[in-house]
Amino acid sequence: MIKKMNGLVFFNVEGVLLNKKNEIEFSMITAMKNLRWNGYLPIIVTDKCFDNLQVIVRRLGINSIISDKESRILLNGAELKDIENTVEDDPETLKERRLRKVVQEFADDKLKLYAFGNTEADLALFKICTTRVAMGNACSKIKEQSDYITKSNSEFGVVEGLRIFHLI
């Protein structure tokens, strides 16, 4: 339940929300619940199909997903019309345009935007978000563009990052 929307928090799945065994830690479930309670909407940004995310989203209680693979956007459980795809759009540009579409849905200039990433595929996230958190297991390009480098995905890095920025 979100009382008041304070911001959006974008997460990659592998190497961020899942540990190195591709499992969800109990602390992650609690963190996502507290994040929503504090007025922040967690959004998964992935190249996976929606069907492959069902267990993850159900356990974490996340109902907002941007899927590059299926060119679909789900926001608070409702499907949004995807952006128009032009021939000259590269994958990073498409992702960035989808992210901007989600942000525009809230029409709030004061909305805070956070990104948690670990691979170069997350550069689009880092481009639009004002606060960028690199996982300890992130590639050097992500770490260089981050505002904060947290612990790895297997050392509860997301939980640490959310606490550092007072989101939970």
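Leu-18 touches Val-13, Glu-23, Ile-24, Ile-56 and Asn-153, residues up to four places away in sequence being left out, where contact means heavy atoms within 4.5 Å. The place of Leu-18 is the loop between helix 1 and helix 2; helices here are DSSP runs of H or I with at least four residues, strands are runs of E with at least two, and both are numbered from the N terminus. With a relative accessible area of 5%, Leu-18 is buried. Buried stands for under 20% relative accessible area, exposed for over 50%, and partly exposed for what lies in between, with a 1.4 Å probe and protein chains only. Leu-8 is 10 residues from Leu-18 along the chain, and 19 Å separate their C-alpha atoms. The loop between helix 1 and helix 2 also holds Asn-22, a residue other than glycine with a positive phi near 60°.

The model is a predicted one, in which local features need pLDDT of at least 70 and side-chain atom pairs count only at pLDDT 80 or more, while totals for chains, interfaces and linings use all residues. Residues are numbered from 1 along each chain as its sequence is written, and side-chain values use heavy atoms, with hydrogens and water left out.

Turning to the chain as a whole, its secondary structure consists of 7 helices and 8 strands. The C-alpha trace spans about 40 × 35 × 35 Å along its principal axes. The radius of gyration is 15 Å, which agrees with the value near 15 Å that a compact globule of 168 residues would have; this quantity is taken over C-alpha atoms, and the globule rule is 2.2 Å times the number of residues to the power 0.38. Of the 168 residues, 49% count as buried. Among contacts with a separation of 6 or more, 52% come from residues 24 or more positions apart. The protein chain exposes about 8,600 Å², of which carbon and sulfur atoms supply 48%; accessible areas come from the Shrake-Rupley method with a 1.4 Å probe, and for residues only the protein chains shown count as cover. As for charge, the mean positions of the 25 positive and 24 negative charges lie 7 Å apart. Lys and Arg count as positive and Asp and Glu as negative, without His and the chain ends, and each charge is placed at NZ of Lys, CZ of Arg, CG of Asp or CD of Glu.

The aromatic side chains come next. Rings of Phe, Tyr and Trp (its six-membered ring) pair if their centres lie within 6.5 Å, and planes under 30 degrees apart count as stacked, over 60 as edge-to-face and the rest as tilted. By this rule there are 4 aromatic pairs. Tyr-40 and Tyr-114 make an edge-to-face pair, at 6.0 Å centre to centre and with 80° between the planes. This pair links distant parts of the chain, with Tyr-40 in strand 2 (residues 40–46) and Tyr-114 in strand 6 (residues 112–117), 74 residues apart. Both Tyr-40 and Tyr-114 are buried. Tyr-114 also pairs with Phe-165, in a tilted arrangement at 6.3 Å centre to centre and 55° between the planes. Because Tyr-114 lies in strand 6 and Phe-165 in the segment after helix 7 (157–164), this pair ties together parts that are 51 residues apart in sequence. Tyr-114 has 7% relative accessibility and so counts as buried, whereas Phe-165 is partly exposed at 25% relative accessible area. One aromatic cluster is formed by Tyr-40, Tyr-114, Tyr-148 and Phe-165.

Helix 7 itself is largely enclosed by the rest of the structure, because 6 of its 8 residues are buried. These buried residues are Gly-157, Val-158, Val-159, Glu-160, Gly-161 and Leu-162. Their cover includes strand 1 (7–11), helix 1 (13–17), helix 2 (26–37), strand 6 and strand 8 (148–149). In the segment after helix 7 lies His-166, which is exposed with a relative accessible area of 67%. Phi of His-166 is positive, near 60°, in a residue other than glycine. Most residues other than glycine have a negative phi.

Asp-47 is exposed, with a relative accessible area of 54%. With residues up to four places away in sequence not counted, Asp-47 touches Asp-68 and Lys-69. Asp-47 and Lys-69 are 22 residues apart in sequence, and their C-alpha atoms are 4.8 Å apart in space.
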